[in-house]
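Here is a short briefing to read beside the structure. Keep the sequence and the 3D view open while going through the points.

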Amino acid sequence: MKYANVIIHINTSSLRKPFTYKIPDSIQDKIRIGSIVNIPFGHGKQLKKGYVIGFTNNLSFDVSRLKEIDSISEEISFDKELLDLAYFIEKRYFTSINRALACILPAKIDTKHKKRKYIGLIKDEAFIRDYIYERRGMKKYEKRSLVLEYLLEHGSVQVTRLLEEVNVSRTVLSGLEKSRLVDIVDDVSLRVPYDSSKIARTAMHEPNDEQRVAIDSVSDAIRAERNEVFLLHGVTGSGKTEVYLQLIEEVLASGKSAIFLIPEISLTHQTVKRAMSRFGDVVGVIHSKLSAGEKYDQWQMAKEGKLKLIIGPRSAIFTPFLNIGIIIIDEEHETSYKSEHDPRYHAREIAIKRASYHNCPVLLGSATPSVESYYKASTGKYHLLNLRQKAISGNLIDTEIVDMRKELKTGNKSIFSRSLKTAIEETLARGEQVILFLNARGYSRFLSCRDCGFVAKCPHCDVAYHYHKMANSLRCHYCDSEKRAFDKCPDCGSTRIRDFGTGTEKVEGLVADTFPSARILRMDVDTTSGKFGHDDILSAFERYEADILVGTQMVVKGHHFEGVTLVGVLSADLSLYISDFRSAERTFQLITQVVGRAGRADKKGRGIIQTYSPEHYSVKLAATEDYASFYRMEIAYRKMAAYPPFKHLLMFLLSSKDEMYLLRLCDRLMEHLNKGDDRLEILGPTKPSREKISDNYRRVIYVKSDNYNLLLGVIAYIKEVKIKEDYDKKAKILADINPIYI
Ligand code: ADP
Ligand code: ZN
Ligand code: ZN
């Protein structure tokens, strides 16, 4: 007699253990590992879903009390590789098996065929995250945020399933629909998200010498089924995508499949079009904006081998191909490859794990590789491939760094240096377009009283309110609590109120004042709130409906604008002030990317970078796109300061609304950590730079070591002692090695 071990599909992390069920005769020969089954559970009459993760032959206890599986879902199953991957995620990322399984399964696992309503997000992930973040701690948005978080994690899902699992009323959903955050639609089955028959076929380019070397190296590994990681370092326009496509072609020809990851949903369209022009209808897409039906179809078609190439952001790494020949990660340095919520997995790590199962290479590509990857390449763990030249000779960009301290000395207090102002005027006169980039939204950073120095702070978070002028309000960018702006100091009654710092809202106004004839568009979280807000603004700009685009980093990611010949970085310093060992790296990447937006067509491009730290290496070297020198400086700094990749940092982030409870939890964790290996350096518990967010107190504990595996051991050990479960109700613990966000 054989019994099935089943994980129950319920969203509480306490139910992490499998339960044993009897298998009825009718499904004996159909059931296998990865089957999804309907089972009785608890006292309720309603059946629950469960995942079969294994079988047991002999039970040592009385089997008469065991319940029996009701039925098996014919629709869907996952295989052993993905199940092992889920276990890997559970352990490595300190999460529950349920959450890990949710990563590897498509949203729709329902078995009944009825007319179904589906609910899905219609804004991109970044927007939704900001929306939730800004409303943290506000009672009236609590339910909304729960729904949004659920949709972020699961993508489009059936409405009934959402109501069942999130425990909100339908009014919350229609509220979200009215606010144009979600769409509720009838499921359209087998809809193809892109129609390959409408896309003209293109031929491959004859590779140049550098491309040839790159292609040959990786294709050797493909043919020999070697599990190796390659890092393709190539300046923008050097033909990286061409290399990817030729390698994919080879993989498909050999009968295997390929996964191609891109950093953002908004880049899907152009990449899919390009791939379909080569490979036609074997190209599929997986991302969270697809309807549940679409996603399910793509998932199933990939599993059945009808699709051979899947393109998509982070979550596409879980595509259930049975025979993978290559995994490609474009712009591998992008932080979007790392999940921000539990489990905080990194797609690069998952890719390497999957590739080792499939005996295939992983190809990472970037113009500005992450310091960690480049280090691995230069120490021989990865193979380094270089593309030093542009594939088609284009105009290089003239860049100039402007020292804003000098501007101040000459009496120019405006946010535009003289040089940038002249350049904007000239560009407008030629009828060409300008992008102005600033990494801060809102009007100004805070309001303050000139007489007594009073600054309004959010009562729920450990931050000052931002000032939004149009709305005449003070807003917390973490929990979105809001207050009317004051024109009289609440402390001393003075009317001498000043605002400090500049955000995109203020810039927009200043641009309008300074260049009255220019048509202006602004793109940031506050302006991209219509259904297609993001795309609308970009395509309006593409159609020359505006001369100047002012925006936050939303504007910089890989978009092509033919008409843009001038890019201005209003302040290169904002990301440098963040106290984080990656701040120089991020500044370098950001400036390189922004400046790369200029002069992509046949016209000459210009980039002007304004800064108060012109001597900083990340600013100086980004201006000349000198990655090699940047890397040399940065790696020396990391070594000296004992940061990754030399020493690794395991962060435990603990949070709770109850501070005493939190401190007890810290003590408990510290006790266990102190019992561990004495080669480990334990720091903390300390308060992170924002001690409180949305009324949740936070503490961090760091464990430092030059031995990565030792840190994995710490995670495994802390998992074993079940602290997370013990404190589950009132506190949260995240574990993250070399974190990107706190
Ligand atoms: P990247 O991905 O590095 O930005 P792309 O692959 O998009 O670069 O290439 C930039 C441009 O050069 C594209 O228009 C592409 O079609 C073209 N291109 C790439 N490789 C070649 C080649 N070997 N010969 C001619 N044109 C090429
Ligand atoms: Zn005052
Ligand atoms: Zn707040």
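Predicted model: local features only at pLDDT ≥ 70, side-chain atom pairs only at ≥ 80, totals over all residues.

One open sheet has 7 strands with parallel pairing; another has 3 strands with antiparallel pairing. A search of the whole structure finds 22 aromatic pairs.

**The parallel sheet**
- The strand order is E11-E12-E10-E13-E14-E9-E15.
- Strand E11 (283–285) and strand E15 (383–387) form the edges, each pairing on one side only.
- From one strand to the next, the twist averages 20°.
- E11 runs parallel to strand E12 (residues 309–312), and 3 bridges join them.
- Val285 has Ile311 in E12 as its bridge partner.
- Helix H7 (residues 209–223) lies across strand E9 (229–234), strand E13 (324–330), strand E14 (362–366) and E15. Its direction is at about 150° to E15.

**The antiparallel sheet**
- Here the order is E19-E20-E21.
- Strand E19 (466–468) and strand E21 (482–484) each have a single partner strand, so one side of each has no neighbour in the sheet.
- Neighbouring strands are turned by 30° against each other on average, direction ignored.
- Strand E20 (residues 473–475) pairs with E21 over 3 bridges, in the antiparallel sense.
- Ser473 stands opposite Arg484 in E21.

**Helix H20**
- H20 (residues 659–674) has 16 residues, which at 1.5 Å a residue should span 22 Å. The end C-alpha atoms are 22 Å apart, so the span agrees.
- At its start, a side-chain oxygen of Asp658 comes within 3.1 Å of the backbone nitrogen of Met660.
- Its buried residues are Tyr661, Leu662, Leu665, Cys666, Leu669, Met670, His672 and Leu673.
- These buried residues pack against several elements, including strand E27 (648–656), strand E30 (696–705) and helix H21 (708–720).

**Aromatic pairs**
- Tyr443 and Tyr467 form an edge-to-face pair, 5.6 Å centre to centre with 80° between the planes.
- This pair links distant parts of the chain, 24 residues apart: Tyr443 is in the loop between strand E17 (433–437) and strand E18 (446–449), and Tyr467 is in strand E19.
- Buried means under 20% relative accessible area. Tyr443, at 14%, is therefore buried. Tyr467, at 12%, is buried too.
- Phe588 and Phe630 form a stacked pair, 4.2 Å centre to centre with 10° between the planes.
- Phe588 is in helix H17 (residues 583–595) and Phe630 in helix H19 (residues 627–640), 42 residues apart.
- Both Phe588 and Phe630 are buried.
- Ring pairs link Phe588 and Phe630 into a cluster with Tyr374, Tyr617, Tyr627 and Tyr631.

Terms used. Residues numbered from 1 in each chain as written. Chains lettered and ligands numbered in written order. Heavy atoms only, no water. Helix = DSSP H or I, 4+ residues; strand = E, 2+ residues; numbered from the N terminus. Expected span 1.5 Å × (residues − 1). Buried < 20%, exposed > 50% of the residue type's maximum accessible area, 1.4 Å probe, protein only. Contact = heavy atoms within 4.5 Å. Polar contact = N/O pair within 3.5 Å; in protein donor to acceptor, adjacent residues only side chain to side chain. Pairing = 2+ DSSP bridges. Axes fitted to C-alpha atoms, helices over the stretch in contact; angles between N-to-C directions. Phe/Tyr/Trp six-rings, centres within 6.5 Å; stacked < 30°, edge-to-face > 60°.
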